[in-house]
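Subject: Structure handover

Hello,

Below is the structure I said I would pass on. My notes on it follow.

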Amino acid sequence: MIAFLRRRPGLLPLLLLAPAIAWLVAFYVYPALQMLQASLWSGTLETGFVFSWANAATYSTALDRYSDQFLRSILYAAVSTVVCLLLAFPLAYTIAYRAGRFRTLLLFIVIAPFFTSFLLRVLAWKTVLGDDGFLLGPLKSIGALPEDFRILATPIAVIFGISYNFFPFMVLPIYVSLEKIDRRLVEAAKDLYAGPVRAFQRITLPLALPGVFAGSLLVFIPAMGDFVNAELLGSVQTRLIGNVIQSRFLVNNDYPTAAALSFMLMAGILAAVFMYARVLGTDELESGIG
Amino acid sequence: MADVDVRLVNVTKMFGDQTAVDGITLDVSDGEFFTLLGPSGCGKTTTLRMIGGFEQPTSGLIELKGEDVTFLPAHERDVNTVFQSYALFPHLTIFENVAFGLRRSGIKGDEVTRRVGEALDLVQLIGYEKRKPAQLSGGQAQRVALARALVNRPAVLLLDEPLGALDLKLRKQMGIELKRIQREVGITFIYVTHDQEEAMTMSDRIAVMNKGHYEQLAGPETLYERPTTRFVASFVGASNLLEGKIGSDGESWTVTLPSGDVVRAPKNLGDIGTGGAIGVRPEKLTLLEPGQESKGNRLDGTVVDTSYLGVLTQYTVEGAGGLRLLVSEQNVDRTTRSDTWRPGERVALTWKPEHGFVVGDSKSA
């Protein structure tokens with residue numbers, strides 16, 4: 001084996017990739033194809049499903065019927081991503097450059113919520129944000145808030161939940177890319193007459209963009225598929241496409257519609273990612289503009 | 001005397017309770033190639049960083065062209081730096097790297113293009129404008145760093161071991177290049193290095209630093225021929241230091257070695273103080289047969305080591321009382337004289353008293 005590889009060194013990367021490829025084929029490509037097939041079924045669980053290309057109409061019907069939930073998912077995911085970015089960048093910056101010996105501790109605190117189950121965290125927020133929970137209850141009893149004021153079951157609560165749950169995925173990549181930046185570059189910028197703001201704008205920020213990019217994807221993609229936050233913190237008015245897919249699949253046994261929606265969600269996310277990469281990922285972004 | 005460009009008055013820098021720079025006072029003249037030479041940890045880089053504005057002195061005063069800049073931030077100083085690591089901006093092209101300072105000072109359009117072109121021409125890198133720093137060799141990156149600083153025509157250019165990362169051959173070549181560029185642009189250079197050869201070949205004046213202060217500030221020849229402290233004598237070139245009981249004999253200092261031999265040096269070479277010594281460079285020593293007559297200082301000894309180095313041969317001679325002396329002899333007679341000195345041979349070491357030097361009391365132990 002080793003002797004064989006020595007003669008043909010080009011095969012080594014393939015060999016190293018093989019487990020990952022096998023995994024993807026078994027658990028992504030095959031199920032995806034199966035879903036594609038399911039999306040083109042017609043019939044019910046009782047009568048049995050029949051495959052036909054003619055059932056492609058399911059796609060347009062589903063898109064028509066659930067466009068509200070689709071748009072809401074995009075909106076909530078986008079807002080959550082922006083909220084995470086705005087909160088995470090200063091935090092990552094502080095941890096990377098100003099935290100000194102507290103750096104490890106702060107990083108630990110950022111990921112600490114992961115030690116509890118996702119579901120438990122959302123349920124905890126449900127209690128905290130509850131109409132008479134220990135956050136709003138006391139404020140209402142002293143009259144600081146009107147009796148009918150609520151956070152739970154509003155879009156705010158859902159966006160808050162999504163932002164909260166995926167926040168570490170934004171902090172960590174930004175932290176890594178900031179931490180990697182040679183601080184002497186900032187010194188060099190200051191040496192070349194750039195004040196602190198200019199140096200940040202011209203050096204630190206552009207060099208941190210890969211982290212911003214990675215963090216945004218890590219928040220946006222799972223946020224697009226979220227249904228737990230919408231289910232537990234939201235209401236009927238905040239149903240996301242994830243809730244629709246979940247109920248179509250598991251409650252209504254409407255496999256074709258659920259599969260078609262999943263497929264469109266995947267395509268939509270891919271398209272969004274490519275557009276984002278076009279905007280952020282180019283080399284020419286920073287040069288040439290005085 | 002030309003105008004003073006940079007003036008340091010009693011500048012001290014503490015990091016916690018560590019003194020990095022200990023009360024330095026010096027003037028650097030306009031257009032001078034000035035070097036801070038010393039081993040790592042001697043405070044030379046900290047001194048440079050204070051001139052650049054990256055560190056604030058704990059006490060003291062820094063003036064630039066007569067103006068107090070002690071607490072002026074780096075970006076407001078008319079000083080540019082060539083960093084040890086070059087610190088080129090990896091996401092910008094070579095053109096944008098060099099244009100960075102110009103753009104920050106509000107220069108626009110054709111003027112930027114023209115001046116970047118001139119700077120790249122000066123460092124012979126025309127045609128590299130569109131490349132990224134990662135696509136350059138070490139020597140090229142070094143030139144870009146130089147162009148990026150010089151393009152701003154600063155009053156003073158600071159260079160922090162700029163050749164440290166290059167290999168020996170490239171280092172020598174870039175050293176000559178740096179000197180040429182400095183003459184061409186006429187900007188004051190303050191250069192930091194631990195390499196005494198680099199310092200000697202390029203500098204107009206050198207401050208030899210040790211433990212936060214400089215021990216001697218002089219031109220290269222003076223530093224070599226007339227070092228005034230033990231540290232300078234051993235850091236700049238090789239030296240033989242002759243320690244013993246200090247005395248005075250008319251116009252000469254005398255040192256009585258533990259062996260009883262007495263060596264002399266003229267008093268006009270410097271003050272020996274109460275704890276100084278007489279020194280002599282290896283090439284100033286002449287080796288004679290034990291019986292041969294000589295004038296001046298003379299010590300007897302035995303050759304213990306011989307190494308042939310091409311241009312010269314280096315001998316180690318052990319005298320009475322275990323005193324070891326280094327001797328360099330030009331390989332001129334070697335081809336005609338069959339009996340070169342070999343280990344074990346008895347020799348006499350002689351030198352003229354005025355070819356020695358005198359080191360005084362050390363400022364630091």
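How are α6(A) and α8(A) oriented to each other? Please keep in mind that this is a predicted model. Helix α6 (residues 118-129) of chain A packs against helix α8 (residues 155-180) of chain A at an angle of about 140°, and their axes are 11 Å apart. Angles over 145 degrees count as roughly antiparallel and 65 to 115 as roughly perpendicular; α6(A) and α8(A) are therefore oblique to each other. Their crossing is right-handed.

On the α6(A) side, the residues that meet α8(A) are A:Phe118, A:Arg121, A:Val122, A:Trp125 and A:Leu129. On the α8(A) side they are A:Ala157, A:Gly161, A:Tyr164 and A:Asn165. By class, the residues of this contact are six nonpolar, two polar and one charged.

Next, two backbone points in chain A. Most residues other than glycine have a negative phi. A:Ala153 is not a glycine, yet has a positive phi of about 70°. A:Ala153 sits in the loop between α7 (136-141) and α8 of chain A.

The loop between α9 and α10 of chain A holds A:Tyr193. With 23 C-beta neighbours inside 10 Å, A:Tyr193 counts as buried.

Then there is the contact between the chains. Chain A gives 18 residues to the contact and chain B gives 20 residues. On the side of chain A that touches chain B, α9 (183-191) and α10 (196-224) of chain A each supply at least two residues. The largest share of that side, six residues, comes from α9(A). Sorted by class, the side of chain A that touches chain B has eight nonpolar, three polar and seven charged residues.

Last, one residue in chain B. B:Thr46 is in helix α1 (residues 44-52) of chain B. Is B:Thr46 buried or exposed? B:Thr46 has 22 other C-beta atoms within 10 Å, so this residue is buried. Leaving out residues up to four places away in sequence, B:Thr46 touches B:Lys13, B:Ala20, B:Val21 and B:Glu55. B:Phe357 is 311 residues from B:Thr46 along the chain, and the C-alpha atoms of the two are separated by 31 Å.

Regards

Definitions and conventions:
Residues numbered from 1 in each chain as written. Chains lettered and ligands numbered in written order. Predicted model: local features only at pLDDT ≥ 70, side-chain atom pairs only at ≥ 80, totals over all residues. Axes fitted to C-alpha atoms, helices over the stretch in contact; angles between N-to-C directions. Helix = DSSP H or I, 4+ residues; strand = E, 2+ residues; numbered from the N terminus. Parallel < 35°, antiparallel > 145°, perpendicular 65-115°, else oblique. Left-handed = near helix turned anticlockwise from the far one by under 90°. Contact = placed C-beta atoms within 7 Å. Nonpolar A, V, L, I, M, F, W, Y, C, P; charged D, E, K, R; others polar. Buried ≥ 20, exposed ≤ 12 C-beta atoms within 10 Å, placed from the backbone.
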